[in-house]
Amino acid sequence: MNKAVVLNRKKKPHTIGEELILPACKEIVDVMFGKEAAEQISNIPLSNDTVRRRIITMSEDIVKNVNEILQKDKEFALQLDESTDVSGKSQLISFIRFVNEEKIIEQFLFCRELQTTTTGVDIFNAVDNYFEENNMVWSNCISICTDGAAAMTGRFKGFLTLAKNKKPNLITIHCFLHREALMVKSSDGGELSDVLKTVIEMINYIKKRPVKCRIFEELCKNIGTKHTTLLYHTEIRWLSRGKILNRVLELQDQLQIFFEAENINNYANKIDDQMWCAKLAYLADIFQKLNVLNSSMQGRKENIISTISLYGPSGEENIKNANLSSTEKEQLLEISSDTTLKSKFYMSENDSFWISLQNEYPEVSKKALQILLPFSTSYMCESAFSILEVTKTKKRSTLKDIESELRVSLSKIRPRIEDLCSIRQSQVSH
């Protein structure tokens, strides 16, 4: 079982164990302990079908384990996103966040293929069917974080609208990362926008022509610059604009020489214009700030408090400013006046602190967890799509059980290996 986990996490074909790892192990053992010991290594089952079955078994055990936790009326938060894999199939990925054993767990939930269309109804049916299959109830779902696609946010048939029909007070969150990207797009227009457009045209003139790329690279090498190439601008990558602007600033002298040699006076004159270069530097500074902000919002354990704190009040102030009942205010006042608890608050993580108060201060603890549980970004789904791209490549485009592959690879809750081994008989490879 453990060997199947290792192969799964490396995102390699299942056959690599039998074709590469096993022969190498046999040779090592033969040299160190002799042929008899090497023959024992041959008994390790690592065939393609064996590894596949074990990954499926471990995935089923993880689902069972998660379901057992959620059956205890655990509140949870979701994040969802949809994308297309290498074979052109639409994949819907979801992560779940809930409290377990004095901490908040971020767990891979499912990856479901949307067979035909990708409307809000299709997405809702996929989620609703998973809930029914695993005895999950909508009443325990406190929030859903998605991007701003029409299928997700449509007023009448969007996924979030249909989900609210199941639970009217459901909290819906538009991914903060996507908000930043949309904000940048909506800011187009004016002199700074013209500067960005010109920079992209300069880059495309060189990058789209291999000969020009080589000439520019040699020019940079002869001058002895740190960088010898420009970066492409990609709309779908959040950090793209800031990086290309900084690179153009670093290579502006080389670009001017290059464009003068190419007799492209329009671009050469732009770079020679101090006012234009000042606007370029100002624009690069703006996007650098945005890049730092976007990077800080990416990662695990991001929540509404940590994200909003990047813009304004601290996490503690956000809880104080929440819509609290009189009982919750009284409990919060007691906590804030207790020097021991105040010290514990600053020394421990937010989730651990508030979970530890569930018995003594149940109302305000529940309120805090309802703020800490919701996802603020769809970062984990985006990361999962990157893993999917590595796992399901062109050479493995017909890979079956992709959900099981991703679950074993991405789950924080691990399969109970000892229990699984105790109920199964090992099979010798042949």
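**Salt bridges, nonpolar cores and a surface patch**

Glu403 and Arg407 sit four residues apart in helix H22, so about one helical turn separates them. Helices here are DSSP runs of H or I with at least four residues, strands are runs of E with at least two, and both are numbered from the N terminus. The model is predicted: local features need pLDDT of at least 70, side-chain atom pairs count only at pLDDT 80 or more, and totals for chains, interfaces and linings use all residues. Residues are numbered from 1 along each chain as its sequence is written, and side-chain values use heavy atoms, with hydrogens and water left out.

Glu403 and Arg407 form a salt bridge, with the closest N and O atoms 3.7 Å apart. The term denotes a side-chain nitrogen of Lys or Arg within 4 Å of a carboxyl oxygen of Asp or Glu. Both Glu403 and Arg407 are buried. Buried means under 20% relative accessible area, exposed over 50%, and partly exposed in between (1.4 Å probe, protein chains only). For Glu403 the relative accessible area is 16%.

Glu403 also pairs with Arg112 in a salt bridge of 3.1 Å, N to O. Arg112 lies in strand S3 (residues 103-114) and Glu403 in helix H22, so this pair ties together parts 291 residues apart in sequence. A network of salt bridges links Arg112, Glu133, Glu403 and Arg407.

The structure holds twelve salt bridges. One of them joins Arg52 to Asp401, with the closest N and O atoms 2.8 Å apart. Arg52 lies in helix H4 (residues 48-70), and Asp401 in the loop between helix H21 (379-391) and helix H22 (402-410), so the bridge connects parts 349 residues apart in sequence. Arg52 is partly exposed, at 30% relative accessibility. Asp401 is partly exposed as well, at 29%.

The largest nonpolar core has 43 residues; Ile93, Phe95, Ile335, Trp354 and Leu406 touch the most other members. A second, separate core has 38 residues, including Ile69, Tyr130, Cys141 and Ile144. Such a core is a set of buried Ala, Val, Leu, Ile, Met, Phe, Trp, Tyr and Cys residues joined through side-chain atoms within 4.5 Å.

Val31 belongs to helix H2 (residues 16-33). Val31 is exposed, at 69% relative accessibility.
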